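Please find below a colleague's note on the attached model.

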Amino acid sequence: MDILRFITAGSVDDGKSTLIGRLLYDSKSILADQLEALEQQSKNKNADGIDLAILTDGLRAEREQGITIDVAYRYFATPRRKFIIADAPGHTQYTRNMITGASNSDLIVILVDARNGVTEQTKRHSIIASLLNIKKVVVAVNKMDLMDYSETVFNTIKKDYEAVAARLGLKDVTFFPISAFVGDNIVNTSEAMPWYKGISLLDYLETVEINAQAYDEPRFQVQYVIRPQTEELHDYRGYAGQIISGTYKQGDKLKVYPQEIATTLSKIEIAGEEVPEARAGEPVVLHIADDIDISRGDYLIPEGSTPEMGQEVEAVVCWLDKRQLTEGNKYLLQQRSRTVKAIVREIDYKIDVNTLEHTDASEGVKLNEIARIHLKTAAPLVYDAFKENAPMGSAILIDETSNATVGALMLRAAEA
């Protein structure tokens, strides 16, 4: 059974908490004692006699107490699929939180209040989805019950959002008219909207194809060098890690990066068993034919499949720290298992998350702001452009003194 990771986004009172509660409640993912407590605490009761929003109201209470909220995750499962919901605050001041939650998501569910239509907040969430290259977007037009289940209202919102999606290059967009409070079209289709001929939201989430490994070029990074040095395994040397993308086959001609040394893939092991090939997502131990000095963070990539490599790197950064980013700042750059020192050479411009316009960055980049920057690394970085291969194009900046993560990077190929 596979796992679908998705994030929910919406303005205040769009019904995000109620939608998550409805999915958990109607899929019978709430334990009996939780349900009993829910019934006792409910004030804004629906037809089931409970307030589903209470399931995530703890986030609001924590925020009112001044506690920093990163991302809250909700887990549930149906007989067809497992789900992880990233529930991140949607306000502008929590942009870093939303990007954290969306970074590992296969899909985004954007809630739109049927009474308000497409708002600036809707556009901002869509811009973040496009920046993070989230391929699949669900637009859930909520509170249809308050608009008499009007097909005209739904079609107007759909048309308005399609114009936003076209501008941002969001191609795979699916629309649902729903009422999270009543339960219309969430788990089961509703008779209240006979004009809607589609499936329910949960049916879609259960059946949508996840193509997380769409990038075909083979990529593998060494996470651990296995060298037992026992009598039985005296000459054993294996390189453990997960295949990031593509397929590896025994006998492949490889290059070790960043050294660019040629070798041959002599053996592939999965769970201690030798196999002829392995695909993206599988944890493996690779063996090569030559004795080469290979360390954690190095890459084994077949010849003819050339990644980007260099010490001058362009990236889009989401700034996560209260201390602002300025030119000349030095950090540690961590890309999966590889960590190198880096300096910020130049800040080209900031990106307005409400309009996508480029703005002046001469005063630095502040908390929650997004900018395009140039970095110089102490050692060559091996990567693919984030838009093409997100796992190879993602990285973080770490403060050397506090060891705190201060920036989320989306790497891109340097322009000539």
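1. Basis of the note. The model is predicted, and local features need pLDDT of at least 70, side-chain atom pairs count only at pLDDT 80 or more, while totals for chains, interfaces and linings use all residues. Residues are numbered from 1 along each chain as its sequence is written, and side-chain values use heavy atoms, with hydrogens and water left out.

2. Length of helix H5. Helices (H or I, at least four residues) and strands (E, at least two) are DSSP runs, numbered from the N terminus. The expected span of a helix is 1.5 Å times one less than its number of residues. Helix H5 covers residues 120-131, and because its twelve residues at 1.5 Å a residue should span 16 Å, the 16 Å between its end C-alpha atoms agrees with expectation. After H5 comes asparagine 133, which has a positive phi, near 60°.

3. Burial of H5. Ten of the twelve residues of H5 are buried, a term meaning under 20% relative accessible area, with exposed over 50% and partly exposed in between (1.4 Å probe, protein chains only). Among the buried residues are Arg124, His125, Ile127, Ile128 and Leu131. Where do the buried residues of H5 pack? Their partners are strands E1 (3-9), E4 (107-113), E21 (370-383) and E23 (405-412), together with helices H4 (95-102) and H6 (151-168); contact here means heavy atoms within 4.5 Å.

4. In E4, seven of seven residues are buried. Leu107, Val109, Leu111 and Asp113 point one way from the strand, and Ile108, Ile110 and Val112 point the other way. Two strands pair if DSSP finds at least two bridges between them. E4 pairs in the parallel sense with E1 over four bridges, and leucine 107 in E4 stands opposite phenylalanine 6. With strand E5 (residues 136-142), E4 also pairs in the parallel sense, over seven bridges; alanine 140 in E5 is the bridge partner of leucine 111.

5. Crossover. E4, H5 and E5 make a right-handed β-α-β unit. The hand is right if, with the strands pointing away from the viewer, the path from the first strand over the helix to the second runs clockwise.

6. The structure holds 20 salt bridges, each a side-chain nitrogen of Lys or Arg within 4 Å of a carboxyl oxygen of Asp or Glu. One of them joins arginine 338 and aspartate 298 (3.5 Å, N to O). The pair links distant parts of the chain, 40 residues apart: arginine 338 lies in strand E19 (residues 338-351), and aspartate 298 in the loop between strand E15 (283-288) and strand E16 (299-302). Both arginine 338 and aspartate 298 are buried.

7. Arginine 372 forms a salt bridge with glutamate 314, with 3.4 Å between the closest N and O atoms. This pair links E21, which holds arginine 372, to strand E17 (residues 308-319), which holds glutamate 314, 58 residues apart. Aspartate 348 counts as partly exposed because its relative accessibility is 24%, whereas arginine 372, at 10%, counts as buried. Salt bridges that share partners join Glu314, Asp348, Arg372 and Arg412 into one network.
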